[in-house]
Amino acid sequence: MAIRFRRRASPAPVLVDSGPARGEVPAAEAVLGGYRLLRRLASGERADVHLAVARQAPNPSPDLPDPEPALVVLRTYDLAADDAAIAVEIDAMEHDPTGTLPRLVDVATLPDGRACVVVERLGGRSLASVLAEGPLSAGQVVTAAAPLVVAVRELARRGLVHSRLASSDVLVDDTGRPRLIGLGALRRTDATVPATERVERSRAAHGALIALLDELAGASAAPSRFAEVVALTRGMLLARPFVPDHGAVERALFAAAEPTPLIGASRTTRAAGPVPSRVATGNPVGGGAGRDAVALPPHRTAPPAGSPGSPAPTGSMSADAPAAMPAGTGAYRLAELAQLPGIVDGLAGTLDAGPVATLRRRWRDWAGGRRTVLATGGLVGAGALVLLLTAVPPATAGVGSADAPGEQVAVGAAGREPSSGSSEAPAAPSAPGPDGEPSRANGGVEPGDETERVDPVEAASALLEVRAGCLASRDLACVAAYAQPGSPIEARDLASMASETAGNTPQADLAAIAVAADLGDAVVLSVPGADGREPASLLMMRSEAGWRLREWFD
């Protein structure tokens, strides 16, 4: 039988054997096209689908472990499968700039004439099962719908449509990002198709998009927010001539709500490593790293290289989107909260190369074998610091005059007595607390209030109350309301918010806080636990912003 697909050139030739027959269970250590078959996942009318392992080259450095095996999905098509349909799937995956479709790893033809296509393995579950669990927030609907609209737009640019586009054809991967599967439903709408049939296919695919958006809007906790999006999309189908504007649909989605992560977005799934691909694609082949679990609106994407100032052609899911996301936007804060691969893994991939990364890995390996010693030393050092601060005698210089107990001298935010003719501006307002109101735990003076100095005990009580609210709501932005910038407690609380332990902070008895040592701009306080635990030590510093927490010693 004639070979139906020409083998792509690769740096090293790969032996392609016939593999298991149609419907046959692969034998142990069966190898097909250089991929070791593990088990058969499914068997349909067109193809058998196997889970396989891509062979990884050993690490050249003896100090580093070999890369973990990379899992792939290997499709072996039946001899009766339509060559044109297989070619459409390969073309769509090979030239997908959005990363929404499965990534193409390899293509080969077996000696018996069967076509073999290798794609990345996608974890997660179908969007249909996610919708069946309960209503989604408006932001989750935007995260689910916007990447699919962008993928449909890019398919249309290449003369392709997805004729089915049901929720069962969408997979929410391990990073919480929607991925479009079911590529057997792809149809061509380019110049090779007659004009009448081309319009019919495009209209049918647009109707499927309307049905999907309608289903997502119905599964939202606020369906009315997406009524305009559905009406806009449906109006395009009724218009004559039929010219769908997917960019307008995408903009309407982002106008309806700010995107928030879907399921699994609070966890980061790191790929085992890049799969050795023999297909030249525009996207790296891996486990989904480098893509965002929160969709980005078009105006937040970076312009492509060579086109300054112009919008990215890949829409809201541009590969350059993570680097162009402003640090002050809500999407960036969501990315930090969700530990998105587009930022966290992309940065890690950039830093995991070069001599500095090698030294860092060696230091990590050295410290990993001495965790107990380092932890003991840290505890001893923390105890010595508390003992030192406790042993220092408190400051004798008081604020105000003892002869005039009814009067108090106004003290600025930095602890200086402003003169009557001072031209200094008043202290800046306090950073907002978790509810958006200015924090009352300011060791300085609020504008217009220069008659009293906040007591350290009162400030500590208020700051700990603000901290408890921030940890409970996992609000990264309000950490500045109570923590000193660059302090250990700030780093620990940010890490706690990004993990699953933010709500496990022990409760403190705020009414029983007492000063252990007053060093002027540094105060050590004793904070008993609400459940009768031994008192903890709290180090609090005063700066131009007022009192701020620096360290907590249990």
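Serine 461 is found in helix H12 (residues 456–473); helices (H or I, at least four residues) and strands (E, at least two) are DSSP runs, numbered from the N terminus. The model is predicted, so local features were considered only at pLDDT of at least 70 and side-chain atom pairs only at pLDDT 80 or more, whereas totals for chains, interfaces and linings use all residues. Residues are numbered from 1 along each chain as its sequence is written, and side-chain values use heavy atoms, with hydrogens and water left out.

Serine 461 counts as buried because its relative accessibility is 17%, where buried means under 20% relative accessible area, exposed over 50%, and partly exposed in between (1.4 Å probe, protein chains only). Leaving aside residues up to four places away in sequence, serine 461 touches Leu510 and Ile513; contact means heavy atoms within 4.5 Å.

The largest nonpolar core has 55 residues, and those with the most contacts inside it are Val117, Leu127, Leu216 and Phe226. A nonpolar core is a set of buried Ala, Val, Leu, Ile, Met, Phe, Trp, Tyr and Cys residues joined through side-chain atoms within 4.5 Å. H3 gives the most to this core, with ten residues. A second, separate core of 26 residues includes Leu464, Cys478, Ala481 and Trp547.

Helix H3 (residues 138–157) has 20 residues, and its first and last C-alpha atoms are 29 Å apart, close to the 28 Å expected at 1.5 Å a residue; the expected span is 1.5 Å times one less than the number of residues. Of the 20 residues of H3, 18 are buried. Glycine 159, which follows H3, has a positive phi near 75°. Leucine 216 touches Leu127, Leu131, Val141, Ala144 and Ala145, not counting residues up to four places away in sequence.

Helix H1 (residues 83–94) has twelve residues, and the 16 Å between its end C-alpha atoms agrees with the 16 Å that it should span at 1.5 Å a residue. Buried residues in H1 include Ile86, Val88, Ile90 and Met93, as well as the acidic Glu89, Asp91 and Glu94. The buried residues of H1 pack against several elements, among them strand S4 (70–77), strand S5 (104–109), strand S6 (115–120) and H3.

Tryptophan 363 lies in helix H10 (residues 355–368) and counts as exposed because its relative accessibility is 53%.
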